Amino acid sequence: MINITIGGEREDLHVPTDGPVHEALQNWIAHPGSYYNTAVNLHVGYLMDLALRLKSLPHDERKALLHDNPWDFLQFAESGEQQNDTMQNVVCHLLYPRYFERMVSIGHKQQILDVFGELDTTDDEAHLDKKLYAIRQSLAKRLPDWNEERRDYYRRDLRPIWQPMPVPAEEAALDPASALEFKKQIVLYGPPGTGKTYQANRLAEGLVRTAAVQRWGVEAYFNDVAAVDAAVGDNVTRLQLHPGRGYPEFMIGLQLDADGGTSYQLGILPRLVEKMRTEREQAGDKALPHVLILDEINRTDLSAMFGEAFSLMERDKRSVEVVLAENADGEPIRFAMPEDLYIIGTMNEIDQSVEALDFALRRRFLWFPTPYSEEDLYAIWEAQWEHAGKIKWGDAEPQLQELAACITRLNKRITELPDLGQEYELGAAVFGDLPYFIGHEWRSRRNGARSGKYLWNARGKPLAPLLSLWSLSINPVLTQYLAGSDRHREQVAELENLLTARPAS
């Protein structure tokens with residue numbers, strides 16, 4: 001972009017594509033979102049204004065701002081005619097990474113302050129960045145065994161606390177975490193492989209961790225991180241639904257007892273509620289919420305499975321008692337849905353049993369789509385990268401980015417085909433075996449591991465790992481999807497080309 005901006009008349013100012021500056025520019029520190037692409041003029045304008053103002057200063061003043069003077073530089077960065085929070089945050093972090101967070105979003109910074117504000121040692125009038133710096137210093141004292149990378153707010157230890165489930169900027173009004181807190185139950189739906197279960201687990205973990213910060217306090221939370229980790233494990237219950245899962249297993253049912261007779265035995269949900277009641281008696285207000293994750297809710301009759309609890313899911317009916325049955329002594333077996341029990345369902349859109357979900361059930365949940373996401377794609381590949389063997393992530397990343405662009409165009413075409421549509425998009429998890437295919441191909445090779453050519457060769461021809469991804473992971477799925485199409489072979493061939501043809505540079 002720099003060379004294009006300079007233009008052809010001053011090629012002497014261009015950044016050489018084979019030098020260290022170009023290599024450094026291939027790295028990144030943040031994801032500025034769609035605002036970066038739609039307002040490049042504002043970002044470049046801010047940088048130009050900042051550079052011109054710096055150059056206009058006497059040498060000693062300029063040197064003073066750029067060397068160990070973060071807060072005066074922040075004031076200078078904010079004082080120009082051109083204002084741009086995104087670029088200001090980037091520049092401040094690049095110059096003073098120990099003082100300014102690796103973060104371009106003011107909203108994210110405010111979220112962190114809202115959650116970790118108890119650790120802020122500054123006064124109320126202090127700048128937001130000074131408050132975050134004070135919080136970071138406090139975290140470093142409380143977590144001496146954590147390195148800076150682990151204390152990064154975007155890493156898995158901290159992010160679930162302040163941002164249980166990230167929301168794309170263009171969908172800022174859709175916040176599954178807030179919806180879950182309000183409605184008590186939500187459903188994540190979408191094509192197979194889009195990470196619905198992963199997101200449900202992450203959302204559940206974030207809810208428990210955030211509650212721990214609020215109810216235990218920040219000090220207690222970080223003084224006993226192991227206890228929080230244990231609570232996350234104990235307070236999240238996962239249940240895979242299937243046609244055989246019904247009311248007797250989930251709520252209550254007659255079962256044989258030790259004497260050979262029958263008696264009512266509590267199912268999964270009442271036992272969970274009993275556990276929560278015991279925790280509340282022992283811990284009082286410090287008891288943490290529980291989350292019940294129901295995978296593939298459309299694979300059973302959910303209304304029948306919940307029975308009496310079906311109406312008790314409503315926010316205004318929580319804690320209302322109903323009688324499920326009578327025990328052997330004729331005493332009523334009572335049940336009530338606790339205020340602190342949250343339910344997250346997942347559902348595949350292309351499952352034909354989706355239509356079985358009735359309106360009464362649908363209105364008791366808020367519904368969030370989980371389409372294909374490039375961000376999830378990179379997260380899955382990076383998590384599986386150990387299977388790539390000797391190939392380093394940094395060496396493979398340029399071609400991985402190209403493949404991500406291919407996958408995006410493949411999914412775009414899938415949504416356009418009359419025989420398919422958006423519900424047939426391929427989720428990021430469908431491509432998750434790529435690191436293994438790369439590692440398998442290079443397991444016995446001795447040379448070329450740093451070549452950067454793992455998916456396409458220098459001529460743009462697809463290599464074995466990419467061909468294996470197509471033939472073993474993608475082709476079987478698409479072939480099944482298009483089995484009833486009159487243009488089956490032609491369409492599969494077109495989709496193969498979209499995935500394996502290297503994008504034009």
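Visitor: How many salt bridges does the count come to?
Guide: The model is a predicted one, and the count comes to 26 salt bridges.

Visitor: Which residue forms a salt bridge with R363?
Guide: The partner of R363 is E314, and the closest N and O atoms of the two are 2.9 Å apart. This pair links distant parts of the chain, 49 residues apart. R363 is in the loop between α19 (359-362) and β9 (366-369), while E314 is in the loop between α18 and β6.

Visitor: Is E314 buried or exposed?
Guide: E314 is buried, with a relative accessible area of 14%. R363 counts as partly exposed, at 39% relative accessibility.

Visitor: What about R445, which residue does it form a salt bridge with?
Guide: R445 forms a salt bridge with E441, and their closest N and O atoms are 2.8 Å apart. R445 counts as partly exposed at 37% relative accessibility, and E441 counts as partly exposed at 25%.

Visitor: And D285, how far apart are the closest N and O atoms in its salt bridge with R280?
Guide: In the salt bridge of D285 with R280 that separation is 3.9 Å. The cut-off for a salt bridge is 4 Å between the side-chain nitrogen and the carboxyl oxygen, so the pair is counted. D285 is exposed, at 68% relative accessibility, whereas R280 is partly exposed, with a relative accessible area of 36%.

Visitor: Which residues are linked in a network of salt bridges?
Guide: A network of salt bridges links E101, R136, E148 and R151.

Visitor: Let us turn to a lysine. Where is K196 found?
Guide: K196 is found in helix α12, which covers residues 196-216.

Visitor: Which side chain of opposite charge is nearest to K196?
Guide: The nearest one is E349, at 7.7 Å. K196 is buried and has no salt bridge. In general, side chains of opposite charge can pair when their charged atoms come close. The cut-off for a salt bridge is 4 Å, and the distance from K196 to E349 is 7.7 Å.

Visitor: What does the side chain of K196 reach, then?
Guide: The side chain of K196 reaches the backbone oxygen of P191 at 2.6 Å. The K196 side chain also makes a polar contact with the side chain of T194, at 3.4 Å.

Visitor: Which residues does K196 touch, not counting those up to four places away in sequence?
Guide: K196 touches L188, Y189, G190 and P191, together with T346, M347, N348 and T370.

Visitor: A change of topic: where is the place of I343?
Guide: I343 is in strand β8, residues 341-348. At 0% relative accessibility, I343 counts as buried.

Visitor: Which residues is I343 in contact with, leaving aside its neighbours within four places in sequence?
Guide: The contacts of I343 are L180, K184, Q185, I186, L292, L294, F306, M313, M337 and F365. As a separate distance, the C-alpha atoms of I343 and G233 are separated by 16 Å, and the two residues are 110 residues apart along the chain.

Visitor: On backbone geometry, what is the phi of D68?
Guide: D68 has a positive phi of about 55 degrees, although it is not a glycine. Most residues other than glycine have a negative phi. D68 is in the loop between α5 (59-66) and α6 (70-77), and D68 is exposed, with a relative accessible area of 60%.

Visitor: What is the phi of S319?
Guide: S319, likewise not a glycine, has a positive phi of about 75 degrees. S319 lies in the loop between α18 (309-312) and β6 (322-326), and S319 is partly exposed, with a relative accessible area of 45%.

Visitor: Now the chain as a whole. How many helices and strands does the chain have?
Guide: The chain has 24 helices and 9 strands. Its C-alpha trace spans about 90 × 70 × 45 Å along the principal axes. Of the 505 residues in the chain, buried residues make up 45%.

Visitor: What share of the contacts in the chain between residues at least 6 apart in sequence join residues at least 24 apart?
Guide: That share is 65%.

Visitor: Finally, what does the accessible surface of the chain come to, and how far apart are the mean positions of its charges?
Guide: The accessible surface comes to about 26700 Å², and 50% of that belongs to carbon and sulfur atoms. The chain has 54 positive and 76 negative charges, whose mean positions are 5 Å apart.

Key. Residues numbered from 1 in each chain as written. Predicted model: local features only at pLDDT ≥ 70, side-chain atom pairs only at ≥ 80, totals over all residues. Heavy atoms only, no water. Helix = DSSP H or I, 4+ residues; strand = E, 2+ residues; numbered from the N terminus. Buried < 20%, exposed > 50% of the residue type's maximum accessible area, 1.4 Å probe, protein only. Lys, Arg positive; Asp, Glu negative; His and termini not counted. Polar contact = N/O pair within 3.5 Å; in protein donor to acceptor, adjacent residues only side chain to side chain. Contact = heavy atoms within 4.5 Å. Areas by Shrake-Rupley, 256 points an atom, 1.4 Å probe, with all protein chains shown as cover. Charge placed at Lys NZ, Arg CZ, Asp CG, Glu CD.
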